[in-house]
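Dear colleague,

I am passing the structure below on to you, together with a short account of what was found in it. Please have it open beside this message as you read.

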There are 2 protein chains.
Amino acid sequence: MLVVKLGGSAGIDPAFTLDDLAELSQEEKIVFVHGANAVLDEWTRRLGREPRLVESSTGQVSRFTDRETMDLMLAVYAGLVNKRLVEGLQARGVNAVGLAALDGRIARGPRKDTLRAIENGKPKVLRGDYAGSIEEVDPSLLLLLLDHGYLPVLTPPALSYGGEAINVDGDKLSLQLALALQADALVILSNTPGLLRDLSDPASLIREIDVADEMSIQAAMAAARGRMKKKVEAGCRAVRAGIGQVVFADARVPQPIRRALAGEGTVLLARSPIGVRS
Amino acid sequence: MLVVKLGGSAGIDPAFTLDDLAELSQEEKIVFVHGANAVLDEWTRRLGREPRLVESSTGQVSRFTDRETMDLMLAVYAGLVNKRLVEGLQARGVNAVGLAALDGRIARGPRKDTLRAIENGKPKVLRGDYAGSIEEVDPSLLLLLLDHGYLPVLTPPALSYGGEAINVDGDKLSLQLALALQADALVILSNTPGLLRDLSDPASLIREIDVADEMSIQAAMAAARGRMKKKVEAGCRAVRAGIGQVVFADARVPQPIRRALAGEGTVLLARSPIGVRS
């Protein structure tokens, strides 16, 4: 079992990933997760709004998701981008089924409707946020589809305990799915070759993070910037919890999944046995 | 087994239908189909375009679906409207799963990329249309979901044989699904009380069309205007092919599905045995 996440940043043509999925899904069960960040920004601007990114007091940048932004997120993530990927897989002969994580209660958690943020240097309390975190993943719908030959294509938003659509992080969704499905590997594809020491230098790629080695983790965390810090932390947790390997790799090359599984990118694994920590 | 279609015209609040679905789905397997026409028009205009409705040489009005219109259709039908309905059902305790008819190859047919139309009184040949008709319905994904306690929520577009998203008529989709699922009844809810002799007078409702009685059909066809003609024809075909009853009913009243099944609306049925004709 393999979980593949394709990031939604600008500059990624999904064709390489879809080609690879079409071949690999003949050999192995795969759940395909995707984002749609760049298209969401584009559509937000086309509708005359500006994407509202706010910084939390801990320095984390997130999208303030009021009701209209959630409308757009449903349209772009679960509609446009999800179904174009399903169409691309169907055209390649793969019987794909597109879902949002709220369908069939795949991923649920609490909604946090208030966001404490810093905007233009000032602390603010923003209410009406449709965002939350994933606490429960129920893989039964995905397993049902996989057992019957379908390839699930999955995207945020998830479902709150109150039954509302909530914005959740796509990387975290794919990690939690990989854990719930006891996947052998999780491949996270984006518009970088992996974790770079120097963002402007692809040769500065960190090839491996040994999650059993505290020094290796510290070196990786020192190199990671912004959102990448969260990705590395979450990836380490996933390896500790039993995923054989987590790979951050480049979506912009042919056969991106095969390359990632062959070690091209940043591979997170445990070189010696480690106790299960969370 | 019941198939319920909720139209996408303006002036329909889905809450009544969702309340009814939440109760009825405890007793019976239901497939829920929906449109999103009014929201699609609204979003098309918000993005600075005008919906392009064209008249065919036979007088049928349809939406010219170029690639950008299909993007919008995927966003609005399969994303925004589909997932808001799923969310509404989840909030009512129903484990809904939203799908487009292209997912899992539920509905397939040929793409017709050229549209011969009359625009501003002149005949035109419009190319690049992503539209088509449904020739094959595969109900296995829907049956799989129903057998495991999920309520499928389904919407156009369907899939072409070449693997492209194609615009198909939502009423026809629901009729063909009802046939493939051997449903006991099909309820088509919209913003009218049913088939009216006089559109401005709800009291002119035609309460029954006896599909075994040619006179009854002729009277109904004489009363039907525009798109309603197609609905009546398709409904008659469905009853002839074995659906116990087809009901055109009002979505704007409490318990719209229960009312329709109790005979409120225009009921199409066969009062005497009829041979299977197509």
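Two strands are taken to pair if DSSP finds at least two bridges between them. Strand β1 (residues 2–6) of chain A and strand β13 (residues 185–190) of chain A are joined by 5 bridges and run parallel, and one of the pairs is Leu2(A), whose bridge partner in β13(A) is Ala185(A). Please bear in mind throughout that this is a predicted model.

That pair belongs to an open sheet of 8 strands in chain A, in which the order is β5-β10-β2-β1-β13-β15-β16-β14 and the pairing is mixed. The edges are held by β5 (96–100) and β14 (208–210) of chain A, each of which has a single partner strand, so one side of each is left without a neighbour in the sheet. From one strand to the next, the twist averages 20°.

Helix α7 (residues 227–240) of chain A lies across β13, β14, β15 (245–250) and β16 (266–269) of chain A, and its direction is at about 150° to that of β15(A).

As for the two chains, chain A is superposed on chain B by a rotation of 180° with 0.0 Å of shift along its axis, the RMSD being 0.0 Å; that is the relation of a two-fold axis. In chain A, the C-alpha nearest the axis belongs to Gly79(A) and is 1.8 Å from it. Both copies use the same surface, in that 100% of the contact residues of chain A recur in chain B.

Definitions and conventions:
Residues numbered from 1 in each chain as written. Chains lettered and ligands numbered in written order. Predicted model: local features only at pLDDT ≥ 70, side-chain atom pairs only at ≥ 80, totals over all residues. Heavy atoms only, no water. Helix = DSSP H or I, 4+ residues; strand = E, 2+ residues; numbered from the N terminus. Axes fitted to C-alpha atoms, helices over the stretch in contact; angles between N-to-C directions. Contact = heavy atoms within 4.5 Å. Least-squares fit on C-alpha atoms with pLDDT ≥ 70 in both.
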